[in-house]
Amino acid sequence: MRTGLYPGTFDPVTHGHGDIIRRACALVDRLVIGVAINRDKSPMFSLEERVAMLETYTKGLSLETGCEIVVHPFENLLIHCARDVNASIIIRGLRAVADFEYEYQMVGMNRALDNSIETVFLMAEARHQAIASKLVKEIARLGGDVSKFVTAEVEANLKGKRAP
């Protein structure tokens with residue numbers, strides 16, 4: 001069984017993330033979505049909320065794709081998380097050149113820590129390349145329509161966060 005790890009903060013999960021999840025399922029038998037606990041970032045949503053949104057988002061995808069999908073919070077090094085879940089590949093989504101520069105450095109460091117775990121980059125579909133969780137949160141905070149970028153549940157969660 002080939003296991004892949006797709007890590008991120010998913011604050012919140014967007015259709016761009018969903019695109020990468022769906023396509024990653026074609027590459028692996030089991031996809032672990034690693035929800036990062038990053039103390040350097042100030043997420044809008046708690047870890048529990050992000051995990052719940054991802055579990056809801058991916059609920060039907062396992063049956064649809066034939067891939068087992070597991071949502072797994074983690075706070076340790078990415079490479080340690082990959083070992084913990086027996087992942088042989090790390091899956092990363094790319095939107096632009098700026099993403100590649102950062103990811104290129106991360107791959108080098110991860111390979112130095114454990115060269116048995118490969119990293120695979122998936123380019124975001126053109127219609128999802130502009131979607132970034134940070135921008136979605138900003139649009140929602142300012143009262144804009146985010147329905148093109150997230151599910152109805154995530155949109156409701158965003159509205160709930162900005163309510164007085």
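Which residues of helix α6 (residues 133-141) are buried?

1. Basis of the note. This is a predicted model, in which local features need pLDDT of at least 70 and side-chain atom pairs count only at pLDDT 80 or more, while totals for chains, interfaces and linings use all residues. Residues are numbered from 1 along each chain as its sequence is written, and side-chain values use heavy atoms, with hydrogens and water left out.

2. Helix α6. The buried residues here are Ser 133, Val 136, Lys 137 and Ala 140. Buried means under 20% relative accessible area, exposed means over 50%, and partly exposed lies in between (1.4 Å probe, protein chains only). Viewed along the axis of α6, the buried residues fall within an arc of 100°, so they line one face of the helix; the arc is that of the directions from the helix axis to the C-beta atoms. An α-helix has 3.6 residues a turn, so residues three or four places apart point the same way. Just after α6, Gly 143 adopts a positive phi of about 85°. Helices (H or I, at least four residues) and strands (E, at least two) are DSSP runs, numbered from the N terminus.

3. Arg 50. This residue belongs to helix α2 (residues 47-58). Arg 50 is buried yet has no salt bridge, and the nearest side chain of opposite charge, that of Asp 11, is 4.5 Å away. For charge, Lys and Arg count as positive and Asp and Glu as negative, whereas His and the chain ends are not counted. A salt bridge requires a side-chain nitrogen of Lys or Arg within 4 Å of a carboxyl oxygen of Asp or Glu. A polar atom of the Arg 50 side chain does lie 3.2 Å from the backbone oxygen of Phe 45. Leaving aside residues up to four places away in sequence, Arg 50 touches Thr 9, Phe 10, Asp 11, Val 35, Ala 36, Pro 43 and Phe 45, where contact means heavy atoms within 4.5 Å.

4. Cysteines. A search of the whole structure finds 0 disulfides, a disulfide being a pair of cysteine sulfur atoms within 2.5 Å. Cys 25 is in no disulfide, and the nearest cysteine sulfur is that of Cys 67, 3.4 Å away. That separation is too far for a bond. Cys 25 counts as buried at 5% relative accessibility, and Cys 67 counts as buried at 1%.

5. Salt bridge between Arg 83 and Asp 114. The whole structure holds 10 salt bridges. In one of them, Arg 83 pairs with Asp 114, the closest N and O atoms being 3.0 Å apart. Arg 83 lies in helix α4 (residues 78-84) and Asp 114 in the loop between α5 (97-113) and β5 (118-123), so the pair ties together parts that are 31 residues apart in sequence. Arg 83 is partly exposed at 38% relative accessibility, whereas Asp 114 is buried at 13%.

6. Two further salt bridges. The side chains of Arg 111 and Glu 118 meet at 3.2 Å, N to O. Arg 111 is partly exposed, at 31% relative accessibility, and Glu 118 is partly exposed, at 40%. Lys 159 and Glu 155 form a salt bridge at 3.6 Å, N to O. These two residues, Lys 159 and Glu 155, are 4 residues apart in helix α7 (residues 152-162) and therefore separated by about one helical turn. Lys 159 is partly exposed at 46% relative accessibility, while Glu 155 is buried at 15%.

Terms used. Polar contact = N/O pair within 3.5 Å; in protein donor to acceptor, adjacent residues only side chain to side chain.
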